[in-house]
Amino acid sequence: MHVAHLSLADFRSYESVELPLEPGVSAFVGPNGQGKTNLVEAIGYVATHSSHRVANDAPLVRQGAARAIVRTGVVRDDRRALIEIEINPGRANRVRLNRGNVPRPRDLLGMLRTVLFAPEDLSLVKGDPGERRRFLDELLTARTPRFAGVRSDYDRVLKQRNALLKSAAGSHRRAPGAEVLATLDVWDSHLAKAGAELLAARLELVVALRPLVAKAYASLAPTSGAAELTYKSSLAGRTERTSEGDVELSTGRGELVTLLEEGLGQARRQELERGVSLVGPHRDELLLGLGELPARGYASHGESWSFALGLRLAAYELLRADGDDPVLILDDVFAELDAGRRRRLAEMVAPAEQVLITAAVPADVPDELTGAAFNVAEGEVTRA
């Protein structure tokens with residue numbers, strides 16, 4: 001799989017860009033603030049329908065413009081598809097495939113798959129649990145696009161349930177009536193069913209990721225401790241794996257539904273007092289460890305970078321095992337690494353079908369990654 005063409009209209013700093021691309025390595029080089037990251041951000045947006053830099057779409061539209069358009073020509077198994085996304089802040093985005101309208105944007109998830117490395121990835125190690133949950137859920141959706149619907153269903157149920165809890169909590173501290181409790185029972189059932197499907201998929205994903213992350217981290221930082229992943233659930237402190245290696249959480253959907261329903265029942269009084277849902281996948285955590293210590297708070301800057309890269313490399317290997325090489329995007333990554341890590345990372349990603357790199361200066365692109373080069377300056381992209 002590779003991107004053969006990128007077309008932008010009013011996206012970020014670009015009024016218009018037409019950029020042909022080829023398999024192999026393409027490096028976008030230029031001073032900071034010239035728009036290099038905007039190019040790879042656009043490709044990542046087509047793949048995930050979200051930006052790795054901002055939480056909403058408004059900053060993606062060029063100042064003064066009403067909308068932005070991103071088009072990518074994607075080649076997969078010698079078949080070419082044209083994917084177009086019209087970004088409309090405050091309104092529904094419009095998506096087209098081969099010039100034909102697509103009813104729901106998420107129906108095109110999986111048509112282009114990317115793995116993106118960026119400086120923001122440090123938050124996977126140093127940030128709050130939401131960053132790691134997002135990593136898992138985005139990878140789930142990349143592998144199995146229907147999980148976009150599962151996540152949407154869960155978020156909808158959670159929002160409704162939280163609204164009910166908040167309303168009950170604000171009722172002058174009176175005991176909730178029978179009607180409120182009956183309605184809450186219904187939302188408990190919905191949350192448990194949607195949450196069990198999401199939780200089971202995350203548990204299976206963590207099991208698949210664990211050896212791949214350990215291998216990638218050992219390759220990048222061979223002198224550091226072993227990288228470990230453990231999934232911690234909000235179900236009364238249950239973890240996916242104990243220190244002895246025993247599994248406490250089953251991946252069976254039926255059992256997880258029961259566990260979630262029981263957990264919601266046990267937490268109901270506290271939830272009614274606080275007005276928020278305290279049990280479910282939205283409260284879970286992916287724990288990262290280096291040897292016997294948690295990575296967050298103990299890992300050095302270099303170790304944190306290596307762990308974050310290890311997570312992304314593991315995601316790449318999983319997607320690749322599904323049948324297609326995803327497009328690898330390395331956004332200003334090599335400038336953050338020492339010489340040894342730069343060389344090892346370059347050797348690991350060089351075999352990918354397509355690698356897109358951004359760098360401030362040509363020296364930041366390792367010799368192991370030679371290919372097409374583009375200069376980016378003052379809103380213009382030219383072949384070097």
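**View 1. Tyrosine 217 and phenylalanine 307 in a predicted model.** Tyrosine 217 is buried, at a relative accessible area of 1%; buried means under 20% relative accessible area, exposed over 50% and partly exposed in between, with a 1.4 Å probe and protein chains only. Phenylalanine 307 is buried too, with a relative accessible area of 1%. The model is predicted, so local features need pLDDT of at least 70 and side-chain atom pairs count only at pLDDT 80 or more, while totals for chains, interfaces and linings use all residues. Residues are numbered from 1 along each chain as its sequence is written, and side-chain values use heavy atoms, with hydrogens and water left out.

**View 2. Aromatic pairs.** The whole structure holds 2 aromatic pairs. Rings of Phe, Tyr and Trp (its six-membered ring) pair if their centres lie within 6.5 Å; planes under 30 degrees apart count as stacked, over 60 as edge-to-face and the rest as tilted. Phenylalanine 28 and phenylalanine 374 are stacked, at 5.2 Å centre to centre and 20° between the planes. This pair links distant parts of the chain, 346 residues apart: phenylalanine 28 is in strand E3 (residues 24-29) and phenylalanine 374 in strand E14 (residues 372-377). Helices (H or I, at least four residues) and strands (E, at least two) are DSSP runs, numbered from the N terminus. Both phenylalanine 28 and phenylalanine 374 are buried. The ring centres of tyrosine 217 and phenylalanine 307 are 5.7 Å apart with the planes at 45°, so that pair is tilted. Tyrosine 217 belongs to helix H5 (residues 178-220) and phenylalanine 307 to helix H8 (residues 301-321), 90 residues apart.

View 3. Strand E14 pairs with strand E15 (residues 380-383) in the antiparallel sense over 4 bridges; two strands pair if DSSP finds at least two bridges between them. Alanine 377 has glutamate 380 in E15 as its bridge partner. The hairpin has 2 residues between its strands, and glutamate 378 in the turn has a positive phi of about 50°.

**View 4. Lining of the largest pocket.** A pocket is an open set of points on a 1 Å grid over the protein atoms alone where a 1.4 Å probe fits, with protein on both sides within 12 Å along at least five of seven lines; lining residues have an atom within 4 Å of a point. Of the 50 residues that line the largest pocket, Thr48, Ser50, Arg134, Glu138 and Arg151 are the closest to its centre. H3 gives the most to this lining, with 10 residues.
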